[in-house]
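Please keep the sequence and the 3D view open side by side as you read.

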Amino acid sequence: MFTRIFGKPRQEANALTTLDKLNETLEMLEKKEKVLLKKASGEVEKAKEFTRAKNKKAAIQCLKRKRLYEQQVEQLGNFQLRIHDQMIMLEGAKATTETVDALRTGAAAMKAMQKAVNIDDVDKTMDEINEQTENMKQIQEALSTPIGSAADFDEDELEAELEELEEAELEEQLLQPATTTPAASVHVPAGRQPTRPLPQKRTAEEEEFAALQAEMAL
């Protein structure tokens, strides 16, 4: 249908040839117009010279020829206007043809892609992907499920037992008395007074425990 309306590629080539021909004709008319205008201007100058020479008849003849040249210039202007109009129409038709051809090509490409991938294939592919995903999920759950004796353990009981162990450990730490390193025996020679042993420096952990005991005493 589009070929019947807008023509075949050969007709499009003919349109381009026609545009070139119109351009050439337009250039020819413009050159001829310039020549006629120059001739009309020359007749005016001749008329002035004959007027100065008091040759009225010759001056009038020059003006008549000038009028004829001007009429031809006007006629050439009309020709140029028609050619411009024809060129605009052909260029518009060419643009329309190219646009329709591009749209036709795009529609054909879209149709080919739709044939290659239809909606049924897409639905089938998505179903397969969902099925494989579900199967993989089940496999991972099966691998992470405890087996053997570990499967019989009660998680709640294990959590309760762990809490009891933590509480017992804390109580044992609170009730344990502070330990000090016994002072080493020092041999004192006869006649000399024993010097007082230097107090042992407590560690940071012992100081923290002593402070905790003092708070509990309060």
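1. A word on terms before we start: two residues are in contact when they have heavy atoms within 4.5 Å of each other. Please also keep in mind that this is a predicted model.

2. Let's begin with the overall layout. The protein chain has 6 helices and 0 strands, and reading along the sequence gives the pattern α-α-α-α-α-α.

3. Next, the contacts across the chain. If you take the contacts in the protein chain between residues at least 6 apart in sequence, 78% of them join residues at least 24 apart.

4. How much of the protein chain is buried? Of its 218 residues, 11% are buried. The accessible surface of the chain comes to about 19200 Å², and carbon and sulfur atoms account for 56% of that surface.

5. Is K66 buried or exposed? K66 counts as buried because its relative accessibility is 17%, and the cut-off for buried is under 20%. Leaving aside residues up to four places away in sequence, K66 touches A40, E43 and V44.

6. Finally, please turn to the surface, where a patch of negative charge gathers D154, E155, D156, E157, E159, E161, E163, E164, E166, E167 and E171. One of these patch residues is E166, and E166 is found in helix α5 (residues 155-175).

Note on methods
Residues numbered from 1 in each chain as written. Predicted model: local features only at pLDDT ≥ 70, side-chain atom pairs only at ≥ 80, totals over all residues. Heavy atoms only, no water. Patch = residues over 30% accessible without salt bridge, like charges linked within 9 Å, V, L, I, M, F, W, Y side chains within 5 Å. Areas by Shrake-Rupley, 256 points an atom, 1.4 Å probe, with all protein chains shown as cover. Salt bridge = Lys/Arg side-chain N within 4 Å of Asp/Glu carboxyl O. Lys, Arg positive; Asp, Glu negative; His and termini not counted. Charge placed at Lys NZ, Arg CZ, Asp CG, Glu CD. Helix = DSSP H or I, 4+ residues; strand = E, 2+ residues; numbered from the N terminus. Buried < 20%, exposed > 50% of the residue type's maximum accessible area, 1.4 Å probe, protein only.
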